[in-house]
Amino acid sequence: MKEFDTIAAVSTVLGEGGISIIRISGDNSLKIANNIFKGKNGKELLDMKPYTMRYGHIIEKETGDILDEVLISYMKGPKSYTAEDTIEINCHGGVTPTKKILHEVVKSGARVAEPGEFTKRAFLNGRIDLSQAEAVIDIIRSKTELSMKSAVLQSGGKISEEINLLRNKLLQTIAHIEATVDFPEEDLEEITSNQVNKDLIEIMGEISRLLVTAEEGKILREGLNVVIVGKPNVGKSSLLNALLKEKRAIVTEIPGTTRDVIEEYINLDGVPIKIVDTAGIRETKDIVEKIGVEKSREKINEADLIIFMIDSSRKLDSEDYEIINYIKNNKYVVLLNKNDLNKEVNLDNLTELNSNYIIETSAKTGKGLEKLKNCIKELFFDGEVKSGELMITNTRHKEALIRAKESCNSALNTLNNTLAIDLASIDIRNAWIKLGEITGDTIEEDIIDKIFSEFCLGK
């Protein structure tokens, strides 16, 4: 890291606002900022004490013109976000002054940072591990308070603590095996084999406990993808508006009003849910509507949950049954809508579907919407969205845990079938390596680059 050049980027959203922050990190950050800074009474930055701020102006080096009135803050490494010397220039918010100051910083010797490079340096300099670094982007992208809290727990190192405990247990097991192999005695090898067997079962139990949280955790991080489907004019757009509590979709009595896919987020007890209102599925000669129907079919294939709406005031037809056949092997909730009108459809007409997930509703009056929300919680969260608990929210972490558990299981099979503890240690070491991929201790460089490439600029 000592050979890394000094980087800079805008760390706030570009646009009109109170302030913008340009962040500079690296050995030359103070010197670069000093080159374009003009303090009160001619004060420079080179004698600035760490963890203080200084008032002044940023000047254009070539002309000497003042660009903006600023406050400079200085954090000295390793006690900074990147564990390097870091300068933050606080200027007035706005696209023009922000970009102009960044341009002067770059002309003075800094390089524009790549996406996620500040956090990547924090990881490479040992200030945080990889799971904590990934939590940073989860905090930024969180859509509800609960998903943010989960990311904050991870950024504080809660997952790292659990993983490091498991890795230490595996390491102790490997050391015990190697000691036995170095001093071979028949009785000692059998005792070691029994102890390793017991330890592996315990470790696999801990991994399983973490994996149980993975499905809920993934939903908490990425949101639940819910698609509303049905024939034209059954009330799909009215349902979307009722869930959002605003008129987001156009509602008319004319079939085929919704021509394109509409996506919005709602908050269900802290869980971000992406609700997708689709065009009515039917055969049509209208070219625009036909494109919308095709998009609807695509969204159904991508959905975690399908909300199938039926107009209960009209008898079921072939189009309804086609959708029923399509969704019955997926997670679904069926809404018998327009319950305030005369009924033509009831549970007897829907024997192929689970009656627990068939709800009589009226998108117009709001009847049945609370039961719909309870059904979603039952299908994905065992009836209750848990808060404040440690969850595995990252798919990469889940895959590493699965591979580690498989290696532990392979070691158990070797012990039970051959009693060859030295062969079992190979699988145990593989499990240790897989768990290390979560914290970044045993991960390949190209994977690290890919992870940080998904970050925003300035972070």
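Trainee: How many of the 459 residues of the protein chain count as buried?
Mentor: Of the 459 residues, 48% count as buried. The model is a predicted one. The protein chain has 15 helices and 13 strands.

Trainee: What makes serine 160 buried or exposed?
Mentor: The relative accessibility of serine 160 is 5%. Buried means under 20%, so serine 160 counts as buried. Serine 160 lies in helix α6, residues 158–182.

Trainee: Which residues does serine 160 touch, leaving out those up to four places away in sequence?
Mentor: Serine 160 touches Asp129, Ser131, Gln132 and Thr439.

Trainee: Why is the link between the side chains of serine 160 and serine 131 called a polar contact?
Mentor: The two side chains are joined at 2.9 Å. The cut-off for a pair of N or O atoms is within 3.5 Å, and therefore the pair of serine 160 and serine 131 counts as a polar contact.

Trainee: Why is arginine 141 called partly exposed?
Mentor: The relative accessible area of arginine 141 is 44%. Buried requires under 20% and exposed requires over 50%, so arginine 141 falls in between and is partly exposed. Arginine 141 belongs to helix α4, residues 130–141.

Trainee: How do you know that the charged end of lysine 331 sits over the ring of phenylalanine 380?
Mentor: The charged end of lysine 331 is 4.4 Å from the centre of that ring. The distance cut-off is within 6 Å, and the charge must also be within 35 degrees of the ring normal. Lysine 331 is listed as sitting over the ring of phenylalanine 380. The charged end of arginine 23 sits over the ring of phenylalanine 118, at 5.3 Å from its centre.

Trainee: How many aromatic pairs are there?
Mentor: The count comes to zero aromatic pairs. For a pair, the ring centres would have to lie within 6.5 Å.

Trainee: What makes β4 and β5 paired strands?
Mentor: Strand β4 (residues 52–59) and strand β5 (residues 66–75) share eight bridges, in the antiparallel sense. Pairing takes at least two bridges, so β4 and β5 pair. Histidine 57 has glutamate 69 in β5 as its bridge partner. The hairpin of β4 and β5 has six residues between the strands, and glycine 64 there takes a positive phi near 80 degrees.

Trainee: How many bridges join β5 to β6?
Mentor: Five bridges join β5 to strand β6 (residues 86–92), and the two run antiparallel. Isoleucine 72 stands opposite isoleucine 89 in β6.

Trainee: In what order do the six strands of the open sheet stand?
Mentor: The order is β9-β10-β8-β11-β12-β13, with mixed pairing.

Trainee: Why is one side of β9 and of β13 left without a neighbour in the sheet?
Mentor: β9 (262–268) and β13 (358–360) stand at the edges and each has a single partner strand, so one side of each has no neighbour in the sheet. Neighbouring strands of this sheet are turned by 25 degrees against each other on average, direction ignored. Helix α11 (residues 318–327) packs on the sheet and touches β8, β11 (305–311) and β12 (332–337). The direction of α11 makes about 160 degrees with that of β11.

Trainee: In which sense do β8 and β10 pair?
Mentor: Strand β8 (residues 224–229) and strand β10 (residues 271–277) pair in the parallel sense over five bridges. Valine 227 has valine 276 in β10 as its bridge partner.

Methods. Residues numbered from 1 in each chain as written. Predicted model: local features only at pLDDT ≥ 70, side-chain atom pairs only at ≥ 80, totals over all residues. Heavy atoms only, no water. Helix = DSSP H or I, 4+ residues; strand = E, 2+ residues; numbered from the N terminus. Buried < 20%, exposed > 50% of the residue type's maximum accessible area, 1.4 Å probe, protein only. Phe/Tyr/Trp six-rings, centres within 6.5 Å; stacked < 30°, edge-to-face > 60°. Polar contact = N/O pair within 3.5 Å; in protein donor to acceptor, adjacent residues only side chain to side chain. Contact = heavy atoms within 4.5 Å. Axes fitted to C-alpha atoms, helices over the stretch in contact; angles between N-to-C directions.
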